[in-house]
Every structure is written in C-alpha cells, then in structure tokens.
Amino acid sequence: RCFTSYIYDIITGHKRAKDLLKNDTEHLAGCIRANVGNFTFQEAFDRTGRILNIVVSPQNRSDPPRLLNYLTAPHVLVWSAALASSSLPG
C-alpha cells in the first residue's frame with residue numbers, strides 16, 4: 001500500500017498509529033531476516049572466521065549496553081540481535 005492510504009486510514013480512524021508502527025517493525029524484522037539469514041553468532045564465526053559484534057541497548061537505562069558476539073551469546077540469531085540493536089531503551 002502507498003503511504004497516503006496509511007495516512008488516510010489513521011485520519012479516518014480505521015487504523016491507529018500504534019498499529020502502523022507495529023507493522024513497520026514487523027516489516028523491518030522481515031527485511032533483516034531476509035538479508036542476514038538464520039545464522040547464530042557461532043555459525044557466522046565458524047563459516048567466516050570473523051568476529052561479528054553487535055551492541056544492544058539495555059532495558060533499564062542504568063544498565064550498561066550489552067555486547068553480543070560468538071563468545072558472549074553464541075546461540076543468538078544474528079538477525080534478532082540486529083533488530084534489537086535498533087530499538088530504544090525503556
């Protein structure tokens with residue numbers, strides 16, 4: 001759908017802005033999954049020999065950021081870590 005139809009749905013009350021952002025998040029997750037694939041950090045390291053580091057914001061603002069790689073989170077899917085790194089804390 002084009003952007004103007006989304007705006008029309010929000011203005012007329014057919015769709016809430018929260019639902020629009022939810023769909024946008026799901027779209028982002030689908031794009032990241034399609035481009036990165038279903039690899040864990042350990043699998044990515046085993047295939048390439050390179051260390052992939054992704055920093056994720058903590059849920060609480062008082063906690064330090066978390067570094068995810070094949071040593072700290074070997075079973076985490078890379079696409080889910082990439083998606084989590086684009087989120088805001090709180």
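Which residues does phenylalanine 45 touch, not counting residues up to four places away in sequence? Phenylalanine 45 touches Arg50, Ile51 and Tyr70, where contact means heavy atoms within 4.5 Å. This is a predicted model, in which local features need pLDDT of at least 70 and side-chain atom pairs count only at pLDDT 80 or more, while totals for chains, interfaces and linings use all residues. Residues are numbered from 1 along each chain as its sequence is written, and side-chain values use heavy atoms, with hydrogens and water left out.

**Overall layout**

- The protein chain has four helices and two strands; these are DSSP runs numbered from the N terminus, with helices (H or I) of at least four residues and strands (E) of at least two.
- Along the sequence, the pattern of the protein chain is α-α-α-β-β-α.
- Of the 90 residues of the protein chain, 20% count as buried. Buried means under 20% relative accessible area, exposed means over 50%, and partly exposed lies in between (1.4 Å probe, protein chains only).
- Among contacts in the protein chain with a separation of 6 or more, 60% are between residues 24 or more positions apart.

**Confidence**

- The average pLDDT of the protein chain is 83, and 72% of the residues score at least 70. pLDDT is the predictor's confidence in each residue, from 0 to 100.
- In the protein chain, confidence is lowest in helix H1 (residues 3-12), with a mean of 66, and highest in H3, with 96.

**The nonpolar core**

- The largest nonpolar core holds eight residues: Phe41, Ile54, Val56, Leu68, Tyr70, Ala73, Val78 and Ala81. Strand E1 (54-56) and helix H4 (78-85) are the elements that give two or more residues to this core.
- A nonpolar core is a set of buried Ala, Val, Leu, Ile, Met, Phe, Trp, Tyr and Cys residues joined through side-chain atoms within 4.5 Å.
- Leaving aside neighbours within four places in sequence, leucine 68 is in contact with Phe41, Leu52, Asn53, Ile54, Val56, Ala73 and Ala81.

**Aromatic rings**

- A pair of aromatic rings is described by the distance of the centres and the angle of the planes.
- Rings of Phe, Tyr and Trp (its six-membered ring) pair if their centres lie within 6.5 Å; planes under 30 degrees apart count as stacked, over 60 as edge-to-face and the rest as tilted.
- The count by this rule is one aromatic pair. Phenylalanine 45 and tyrosine 70 form a stacked pair, with 3.9 Å from centre to centre and 5° between the planes.
- The pair links distant parts of the chain, 25 residues apart: phenylalanine 45 is in helix H3 (residues 41-48), and tyrosine 70 is in the loop between strand E2 (66-68) and H4.
- Phenylalanine 45 counts as partly exposed because its relative accessibility is 22%. Tyrosine 70 has a relative accessible area of 18%, so it is buried.
- Arginine 33 lies over the face of tryptophan 79, at 4.1 Å from the ring centre. A charge sits over a ring if NZ of Lys or CZ of Arg is within 6 Å of the ring centre and within 35 degrees of the ring normal.

- Threonine 40 is in the loop between helix H2 (17-36) and H3. Threonine 40 counts as buried because its relative accessibility is 14%.
- Not counting residues up to four places away in sequence, threonine 40 touches Pro74, His75, Val76, Leu77 and Val78.
- Alanine 44 is in helix H3. The relative accessible area of alanine 44 is 19%, so this residue is buried.
- Leucine 83 is in helix H4. Leaving aside neighbours within four places in sequence, leucine 83 is in contact with Leu28, Ala29 and Ile32.
- Serine 86 is in the segment after H4. With a relative accessible area of 46%, serine 86 is partly exposed.
- Serine 86 and valine 55 are 31 residues apart in sequence, and their C-alpha atoms are 9.5 Å apart in space.
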